[in-house]
Amino acid sequence: MRPTRPGVLLAVGFLAAVLSWSGLRAWTATGAVEPLLLWRTTLTIALLAVAVFGLGWPVRQWVRGDRARRIDALRAARTAVLAKAACVAGALLSGLSAGFAVHYLPTLDIAARREQFLVALADLVVSVALLVAGLVVERYCRVPPEDDPGDGAERAGT
């Protein structure tokens with residue numbers, strides 16, 4: 001599995017921001033009630049970031065040489081897939097939150113809008129934390145190449 005490229009994550013986040021901002025503007029232009037952002041969402045995303053990091057830590061310890069506990073290869077592979085999913089989800093949620101924050105920015109003098117803006121900013125921060133946790137854990141799951149001089153010589157000869 002290839003490492004996640006930051007350029008792809010930036011593109012996903014930017015596209016999500018533009019789509020959420022324009023979609024929210026179109027939604028409110030029809031006179032419909034705006035969707036509410038909840039602090040529970042912020043807490044949930046933060047817990048996901050902590051969980052991704054927590055699941056990646058034992059893999060990091062094992063890769064670094066602390067082999068006291070055995071790590072199943074399937075568990076390490078699942079952790080790597082979880083990390084990649086966290087990167088993409090973090091980019092999407094960051095873009096979504098940024099779009100909401102930009103939408104609420106011109107109307108910060110209204111108390112309810114200011115509250116929604118603060119929730120959107122908090123969502124943005126924890127979404128970036130989820131993205132970073134995914135990138136870090138993905139890096140934890142990379143196994144360094146084995147240095148076996150005899151193995152390389154045999155491959156070259158065949």
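Me: Is Val52 buried or exposed?
Reply: In this predicted model, Val52 is found in helix H2. Its relative accessible area is 4%, and residues under 20% count as buried. Val52 is therefore buried.

Me: Which residues does Val52 touch, not counting residues up to four places away in sequence?
Reply: A contact requires heavy atoms within 4.5 Å. With residues up to four places away in sequence not counted, Val52 touches Leu82, Ala86, Leu130, Ala133, Gly134 and Val137.

Me: How many Å apart in space are Val52 and Glu138, C-alpha to C-alpha?
Reply: In sequence, Val52 and Glu138 are 86 residues apart. In space, their C-alpha to C-alpha distance is 9.8 Å.

Me: Are H2 and H3 roughly parallel or roughly antiparallel to each other?
Reply: Helix H3 covers residues 73-104, and its axis lies 10 Å from that of H2. The two helices pack at an angle of about 150°, and angles over 145 degrees count as roughly antiparallel. H2 and H3 are therefore roughly antiparallel.

Me: Which residues of H3 make the contact with H2?
Reply: H2 passes H3 in a left-handed crossing. From H2, the contact involves Ile45, Val52, Leu55, Gly56, Pro58 and Val59. By class, the residues of this contact are nine nonpolar, two polar and one charged. The H3 side consists of Arg75, Ala76, Thr79, Leu82, Ala86 and Leu93.

Me: How is H2 oriented relative to H4?
Reply: The axes of H2 and H4 come within 9 Å and cross at roughly 15°. Angles under 35 degrees count as roughly parallel. H2 is therefore roughly parallel to H4.

Me: How many nonpolar residues does the contact of H2 with H4 have?
Reply: The crossing of H2 and H4 is left-handed. Their contact includes five polar and three charged residues. The number of nonpolar residues in the contact is 20.

Me: What kind of aromatic pair do Phe53 and Trp57 form?
Reply: The search of the whole structure finds four aromatic pairs. One of them joins Phe53 and Trp57, at 5.9 Å centre to centre with 40° between the planes. Planes under 30 degrees apart count as stacked and those over 60 as edge-to-face, with the rest tilted. The pair of Phe53 and Trp57 is therefore tilted.

Me: What separates Phe53 and Trp57 along helix H2?
Reply: Helix H2 spans residues 39-63. Phe53 is partly exposed, at a relative accessible area of 35%, and Trp57 is partly exposed, at 36%. Because the two are four residues apart in H2, their separation is about one helical turn.

Me: What kind of aromatic pair do Trp57 and Tyr140 form?
Reply: The ring centres of Trp57 and Tyr140 are 6.0 Å apart, with 75° between the planes. This pair links distant parts of the chain, with Trp57 in helix H2 and Tyr140 in helix H4 (residues 111-140), 83 residues apart. Planes over 60 degrees apart count as edge-to-face. The pair is therefore edge-to-face.

Me: Which residues do ring pairs link into a cluster?
Reply: Tyr140 is buried, with a relative accessible area of 15%. Through ring pairs, the cluster joins Phe53, Trp57 and Tyr140.

Me: Is Val125 buried or exposed?
Reply: Val125 is placed in helix H4. The relative accessible area of Val125 is 57%, and values over 50% count as exposed. Val125 is therefore exposed.

Definitions and conventions: Residues are numbered from 1 along each chain as its sequence is written. This is a predicted model: local features need pLDDT of at least 70, side-chain atom pairs count only at pLDDT 80 or more; totals for chains, interfaces and linings use all residues. Side-chain values use heavy atoms; hydrogens and water are left out. Rings of Phe, Tyr and Trp (its six-membered ring) pair if their centres lie within 6.5 Å; planes under 30 degrees apart count as stacked, over 60 as edge-to-face and the rest as tilted. Buried means under 20% relative accessible area, exposed over 50%, partly exposed in between (1.4 Å probe, protein chains only). Axes are lines fitted to C-alpha atoms, for helices over the stretch in contact, and angles run from 0 to 180 degrees between N-to-C directions. Angles under 35 degrees count as roughly parallel, over 145 as roughly antiparallel, 65 to 115 as roughly perpendicular and the rest as oblique. A crossing is left-handed if the near helix is turned anticlockwise from the far one by less than a right angle, and right-handed if clockwise. Ala, Val, Leu, Ile, Met, Phe, Trp, Tyr, Cys and Pro count as nonpolar, Asp, Glu, Lys and Arg as charged, and the others, Gly among them, as polar.
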